[in-house]
Amino acid sequence: LALQIQQSLQNAEELLTMLLEMTRLESGNLQPHKTDVALQDILSPLDASFSLQAREDGLTLRMHSTRIVVHTDPKILQRILQNLLSNAIRYTRHGRIVCGVRRRPGDRVELQVLDTGPGIPEEKFNEIFMEFRQLDQQDHNPGLGLGLAIVERMCHLLSIPMRLESTVGRGTCFSLTLPVSARRDQERTRQPVSGDAGQWSLRAATHLLLLDDDPRIREALTSLFREWGAGVTACATIAEAERVAARPDLLFIDYHLAGQETGTEAIRRIRDRWRSDIPAILSTADPDEYIREQVIEVGALFLPKPVKQAALKRLLKSIGF
């Protein structure tokens with residue numbers, strides 16, 4: 001019953017978010033603010049948000065890294081990709097989802113999202129972009145039929161040509177054509193462009209200890225927190241976290257760690273190490289209510305995975321960061 005209630009709340013939240021976006025698009029209130037943005041700054045947080053979800057569904061999500069800089073609105077582009085990735089995971093039963101960039105003539109690139117799902121018949125290509133229209137309306141696919149309608153309108157708003165290729169039984173590829181600004185060196189300063197983080201930053205000189213045994217999630221979250229102004233120490237094990245030389249101001253910890261260790265155990269041990277009740281956030285996609293009880297016992301905050309940047313930012317603000 002608890003799982004059904006949780007799923008219902010998530011569906012309601014998704015519906016309200018999409019209805020709000022459709023309203024803003026219809027009214028003309030959503031105005032693009034284009035700038036030069038490194039694609040990797042958009043892809044890394046999405047990798048963190050969706051990789052665990054894909055893995056739990058028995059799928060592989062592969063985000064190819066890139067140094068390419070494009071000229072577009074980063075927030076709207078990120079929302080477009082969120083909808084495409086969410087759809088790809090929802091409809092793919094087996095195999096993988098790949099997101100990557102291909103160079104094209106004339107200082108342009110194609111940002112592609114490919115999946116090994118059931119594919120879309122060519123005669124249905126126009127239908128999938130209609131509001132509240134789904135080709136697969138079975139119980140295990142409780143989508144709302146708004147994601148691709150929003151994608152199409154946002155692409156039109158940004159003047160991004162979108163191309164759809166699909167083969168029934170083999171998979172689908174959505175391609176977005178973007179103007180290139182420049183190639184960038186990975187060592188250059190990263191710009192704070194992920195999600196709605198652009199004009200917001202964490203409390204000055206915040207030292208955050210991040211503990212997650214998944215290297216991809218660790219890298220993506222490290223990038224996000226640094227964009228928000230934090231100094232981040234990223235660790236893969238509790239033992240590694242206990243060896244950190246400087247006392248952290250905040251802990252962000254995954255629940256299921258390597259070697260059957262848990263995040264709540266990590267919080268206790270790190271706090272004991274510093275003899276301080278350091279604020280802590282525990283994050284997991286595991287819906288087990290026992291985990292939430294453990295979080296309460298250790299006096300930590302809970303954030304479900306996949307991590308949503310807006311929810312994370314609200315949580316950080318609520319505890320004074």
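Helices α3 and α4 are roughly antiparallel to each other, a label for angles over 145 degrees between N-to-C directions. This is a predicted model, where local features need pLDDT of at least 70 and side-chain atom pairs count only at pLDDT 80 or more. Residues are numbered from 1 along each chain, and side-chain values use heavy atoms, leaving out hydrogens and water.

Back to our two helices. α3 covers residues 74–91 and α4 residues 147–157; they pack at about 150 degrees, with axes 9 Å apart. So who touches whom, with contact meaning heavy atoms within 4.5 Å? On the α3 side we have I76, R79, I80, N83, L84 and N87, and they meet G147, L148, I150, V151, M154, C155 and L157 in α4. That contact divides into 9 nonpolar, 3 polar and 1 charged residues, with Gly counted as polar.

Now, salt bridges: a side-chain nitrogen of Lys or Arg within 4 Å of a carboxyl oxygen of Asp or Glu. The count comes to 14. Take D214 and R55, at 2.7 Å, N to O. D214 sits in the loop between β8 and α5, and R55 in helix α2, so this pair ties together parts 159 residues apart in sequence. D214 is buried at 5% relative accessibility, while R55 is partly exposed at 44%; buried means under 20%, exposed over 50%, and partly exposed in between, with a 1.4 Å probe and protein chains only.

My other pick is R163 with E110, also a salt bridge, at 2.7 Å. R163 is in strand β6 and E110 in strand β5, 53 residues apart.

How values were computed
Axes are lines fitted to C-alpha atoms, for helices over the stretch in contact, and angles run from 0 to 180 degrees between N-to-C directions. Helices (H or I, at least four residues) and strands (E, at least two) are DSSP runs, numbered from the N terminus. Angles under 35 degrees count as roughly parallel, over 145 as roughly antiparallel, 65 to 115 as roughly perpendicular and the rest as oblique. Contact means heavy atoms within 4.5 Å.
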